Amino acid sequence: LGVGAFLGGMGVAGATRATKEMKDSLRRRADFAGLVFVCGGMQFNPAALWSEPVALVATALIIRGVKTAAAWGVLRAFGLQQGRALDIAAMLAQIGEF
């Protein structure tokens, strides 16, 4: 379902019709974008929280750690101070999808 919604949204986004049709398609494109996230959320299995809690926590910590380290490295390369770079990297690490 998610792939179908994505492909439908891409088709609507790539339409080359009159201005009125493009304005009408913007609403449909937003609907398709929302549908992609809804379908992704529907694939979440809450039973995994109880069946594999250690793996879930380890995965979340690894992802957060790698994202923090990568962002910190980029920020330091651009010349930010150590503390400021770590603050920003920690804030950026929790933003986004797993």
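View 1. Methionine 10 counts as partly exposed because its relative accessibility is 49%, where buried means under 20% relative accessible area, exposed over 50%, and partly exposed in between (1.4 Å probe, protein chains only). This is a predicted model, in which local features need pLDDT of at least 70 and side-chain atom pairs count only at pLDDT 80 or more, while totals for chains, interfaces and linings use all residues. Residues are numbered from 1 along each chain as its sequence is written, and side-chain values use heavy atoms, with hydrogens and water left out. Methionine 10 lies in helix H1 (residues 2-13), helices being DSSP runs (H or I) of at least four residues, numbered from the N terminus. Together, Val3, Phe6, Leu7 and Met10 make a nonpolar surface patch of about 430 Å².

**View 2. Alanine 69 and alanine 89.** Alanine 69 is found in helix H4 (residues 53-77), and it counts as partly exposed because its relative accessibility is 46%. Although alanine 69 and alanine 89 are 20 residues apart in sequence, their C-alpha atoms are 7.4 Å apart in space.

**View 3. The buried side of helix H5.** The buried residues of H5 are Ala85, Ala89 and Ala93. They cover an arc of only 65 degrees around the axis, which puts them on the same side of H5; the arc is that of the directions from the helix axis to the C-beta atoms. What covers these buried residues includes H4.

Terms used: Patches are made of residues with over 30% relative accessible area and no salt bridge: like charges are joined within 9 Å, nonpolar side chains (Val, Leu, Ile, Met, Phe, Trp, Tyr) within 5 Å. Accessible areas come from the Shrake-Rupley method with a 1.4 Å probe; for residues, only the protein chains shown count as cover. A salt bridge is a side-chain nitrogen of Lys or Arg within 4 Å of a carboxyl oxygen of Asp or Glu. Helices (H or I, at least four residues) and strands (E, at least two) are DSSP runs, numbered from the N terminus. Contact means heavy atoms within 4.5 Å.
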